[in-house]
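Please walk through this structure with me, from the overall division of the chain to the ligand site.

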Amino acid sequence: MTAKTVLDSLKPLPPDAILGIMQLYRADDDPNKVDLSVGVYQDESGRTPVLECVKRAEADVYAAEDTKSYVAIAGNAGFNRGVEALVFGADHPALADGRVATVQTPGGSGAVSVAGHLVQRAKPDARVWLSDPSWPNHRQLLGLAGLSLEQYPYYDRSAKSIDFDAMVGAVSGMRGGDSVLIHGCCHNPCGADLTAEQWQVLADLCERHGVVPFIDIAYQGLAEGLEADARGVRLMAERLPEVVVVASCSKNFGLYRERVGSVSVVSPDRERNRTVASNLSNIARGIYSMPPDHGAAIVARILADAELRTLWTEELDEMRDRLNGLRRLLADKLAERGTPTDFSFIANERGMFSFLGIGREQVVRLREEFHVYLVESSRINVAGINQGNVDYVADAIAAVLSD
Ligand code: LMR
């Protein structure tokens, strides 16, 4: 036994709640295995292909590239302007007034981290309220930024819908200067999205109580469409003086491993916007210095080129239509099996995720007996379903529910 070292104080940790299941799936060599775990789009053949618009833009980027020198702490300026227009809408008053500061980040996770550090720096005693439930990594990223985290009620697991009254009650009790993290669309993990009316109510409440909306829009385009999915962000940025928006190109551009995201902060005026921009850059420099270039260069190219952009929106529409079709298909297949639970809610939810609402033991049985992998919270990624496996998945779910 070696002498005690500093590292002895570390405790071994369990695998990541989501990526750990992805690893288990990859290690399974059963021919019937089904991956409903990590939030990655799959096509009918179970592949996650590189989008055609990305392939073409990538060829353009390679042909034009003449240096590997540094870009900038804030990343690719063309990407940042393109993403601002995508998220806020090109004519948004906050953009016209010069009140939005954006930096490119290493994925949506990098965006949450940078934004978290900014909130902590601006108001060290601020609390950030996460929805119950939320993406597990929100807690990890914002906790590491030194923020105090609280939870507000969001999804009613027995009613299988948003408990909006409870959410309103919680937001009404928040302190001025607190932030409320809201999922812009395709709620991760429950798939239950706010309606336009509910966004209005939340905007009123944030205004009245001085609460800062902190919106994560990692799935723009995968619920109803690029414009409709951004309506909450756009409304908040019209109504509130300060809004934090984190976005990702992992899902809607399929650029997962390239790590492409952004954080945009709306300020009340240009002067404060300059201060925020300098702080965002300073935080990015202090964590990772600057973001990787390749994926953002591809996105900038797609957004700037009319033909590539059209191709991208067509490919995105196809992904969204497929997800919504699979939702209906799975709900119908489960209904055919007469399961004790009514799963019709799956068809009404949006994005990649829904909760099956089954217990941990049933989730483990699905994995160990049937090789169907989902996150232990019972979150499924509907993109892992296809015509070839849907009956197998529905049978497996019905089997673990019947015993
Ligand atoms: C997910 O929720 O599965 C994705 O956002 C991937 C991740 O990093 O957790």
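Into which domains is the chain divided? The chain splits into domain 1 (16–48 + 321–402) and domain 2 (70–304), with bounds from an automatic or database domain assignment. The contact between them takes 18 residues from domain 1 and 20 residues from domain 2, where contact means heavy atoms within 4.5 Å. Taken over C-alpha atoms, the centres of domain 1 and domain 2 are 28 Å apart.

This is a predicted model, in which local features need pLDDT of at least 70 and side-chain atom pairs count only at pLDDT 80 or more, while totals for chains, interfaces and linings use all residues. Residues are numbered from 1 along each chain as its sequence is written, and side-chain values use heavy atoms, with hydrogens and water left out.

Next comes the ligand. Around the ligand are I18, V38, G39, W135, N188, Y219, K251, F353 and R379, each with a heavy atom within 4 Å of it. Domain 1 and domain 2 each supply at least three residues of this shell. By class, the shell holds five nonpolar, two polar and two charged residues; Ala, Val, Leu, Ile, Met, Phe, Trp, Tyr, Cys and Pro count as nonpolar, Asp, Glu, Lys and Arg as charged, and the others, Gly among them, as polar.

For W135, an N or O atom of the side chain is 2.9 Å from a ligand oxygen. A polar side-chain atom of R379 is 2.8 Å from an oxygen atom of the ligand.

Key. Polar contact = N/O pair within 3.5 Å; in protein donor to acceptor, adjacent residues only side chain to side chain.
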